[in-house]
Amino acid sequence: MQAWEEHVRKVVPYTPGEQPVCKDIIKLNTNENPYPPSPKALEVLQNIDGQLLRKYPDPEARQLVEELAGYYGRKTSEVFVGVGSDDVLAMSFLTFFNGQKPILFPDITYSFYDVWADLFRIPYECQPLDDKFKIRTKDYKKRCGGIVIPNPNAPTGVEKELSELEEIIAANRDVIVIIDEAYIDFGGTSAVKLLPEYDNLLVVQTFSKSRSLAGMRIGYAFGNEKLIKYLNDAKYSFNSYTMNTITAAMGAAAVRDDAYFKATIDKIISTREWTKQELARLGFTFPDSKSNFIFASHARRPAAEIFEALKVQGIYVRYFDKPRINNYLRITIGTDREMKALIEFLEKYLGENV
Ligand SMILES: *Cc1c(COP(=O)(O)O)cnc(C)c1O
């Protein structure tokens, strides 16, 4: 080790799902939307005035903030935007989890939370899910430095009832409770409606899944004015121009195209329900999912083997080699055609491997 390495901030980074270069694969491994973004958003991209790019973007991304505020019935001063919800969540960890007590989040959850906690030297304590992969309310009713709960949870897809989340938020009024709603649009009930009641609540959402814009990187959060002010102070102390001109304009157009948004979600939900039936028929078990993925385990075949067999076939799903979940596959809901190809292959594979 070199002498200077002693003073390096060392971190073990988050490992994102694979993004293979080959185009022919069926990609069900990173919870992307199988449908293209709103044509209205793409129109903005095609018609962008190049002269605009000469100038710095609006640091407040007002166009996007106003659109989001209008759509979700909040004031613009209650909206924060960032480069994907990863950016919003990282800023929130940095801003709100600045105490000595550990923050709490589930043991099986989005694997970026512990990475940010380590990066920012935030103490944390993981709370084990029960054996049905449910978050236990009582685990979050103790003194702590803050709470992060994804709803629905990832990678399980399990939704926690809003009344139970409210119980947690109400029991922790002296710290910030972040509800990460990356998958809320696929049938869950949003905590946005609790905002007027609780000044310690931050609700985070993203354009990456339900709005088909993972590649543009747009995330946002709702909270009371004071909380959002603190977040913006941290953001402007780091990089004022996180949202670029094109992204903000495309995001605003995507929000305006509500009909397209709802139609896309309806399609994904109906494909998900079909996939649930088919997986169950093939002997898979899974907690009920309210997201755009299913977390499934097979009674006879180990998940690691199915994962490899699928990959050889050009079908990518996600496998986590971690305690408690190493016999599960996280399968993103694709198009009907893609899910049929998955089920056809599994049927053949499981039939041959009794
Ligand atoms: C996908 C995901 C995010 C991050 O999404 P962005 O692309 O950064 O907006 C955050 N939280 C959870 C639980 C996710 O699954």
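1. Proline 152 falls within the loop that runs between strand S5 (146-150) and helix H5 (162-171). The model is a predicted one.

2. Proline 155 also lies in the loop between S5 and H5. Here a cis peptide bond joins alanine 154 to proline 155, and omega is about 5°.

3. Serine 212 has a positive phi, near 60°, although the residue is not glycine. Its position is the loop between strand S7 (201-206) and strand S8 (219-222). Serine 212 is also one of the residues that line the largest cavity.

4. A search of the whole structure returns 1 cavity of 30 Å³ or more. The largest cavity holds about 60 Å³ of space. Besides Ser212, its lining includes Pro37, Ser38, Ser210, Arg211, Ala254, Asp257, Tyr260, Phe261 and Thr264. By class, the lining divides into 4 nonpolar, 4 polar and 2 charged residues.

5. Helix H8 (residues 258-281) supplies the largest share of that cavity lining, 3 residues. Domain 1 (17-36 + 259-352) and domain 2 (39-256) each contribute at least three residues to the lining of the largest cavity.

6. The largest pocket has a volume of about 990 Å³. Its lining comprises 44 residues, and those closest to the centre are Tyr14, Thr15, Tyr110, Ser111 and Arg318. Helix H3 (84-96), strand S3 (103-106) and helix H4 (113-119) are the elements that give two or more residues to this lining. H3 gives the most, with 4 residues.

7. The lining of the largest pocket has 21 nonpolar, 11 polar and 12 charged residues. Because domain 1 (17-36 + 259-352) and domain 2 (39-256) both give residues to this lining, the largest pocket lies between them.

8. The second largest pocket contains about 290 Å³ of space. Of the 15 residues lining the second largest pocket, Ile25, Lys27, Glu32, Asn33 and Glu338 lie nearest its centre. The lining divides into 6 nonpolar, 5 polar and 4 charged residues.

9. On helix packing, the axes of helix H2 (residues 62-72) and helix H7 (residues 245-256) come within 8 Å and cross at roughly 20°. H2 is therefore roughly parallel to H7, angles under 35 degrees being counted as such. The crossing of H2 and H7 is left-handed.

Technical notes:
Residues are numbered from 1 along each chain as its sequence is written. This is a predicted model: local features need pLDDT of at least 70, side-chain atom pairs count only at pLDDT 80 or more; totals for chains, interfaces and linings use all residues. Side-chain values use heavy atoms; hydrogens and water are left out. On a 1 Å grid over the protein atoms alone, a cavity is a set of points where a 1.4 Å probe fits but cannot get out, and a pocket is an open set with protein on both sides within 12 Å along at least five of seven lines; lining residues have an atom within 4 Å of a point. Grid points are joined across faces, edges and corners, and a volume is the space filled by probe spheres set on the points. Ala, Val, Leu, Ile, Met, Phe, Trp, Tyr, Cys and Pro count as nonpolar, Asp, Glu, Lys and Arg as charged, and the others, Gly among them, as polar. Domain bounds come from an automatic or database domain assignment. Axes are lines fitted to C-alpha atoms, for helices over the stretch in contact, and angles run from 0 to 180 degrees between N-to-C directions. Angles under 35 degrees count as roughly parallel, over 145 as roughly antiparallel, 65 to 115 as roughly perpendicular and the rest as oblique. A crossing is left-handed if the near helix is turned anticlockwise from the far one by less than a right angle, and right-handed if clockwise.
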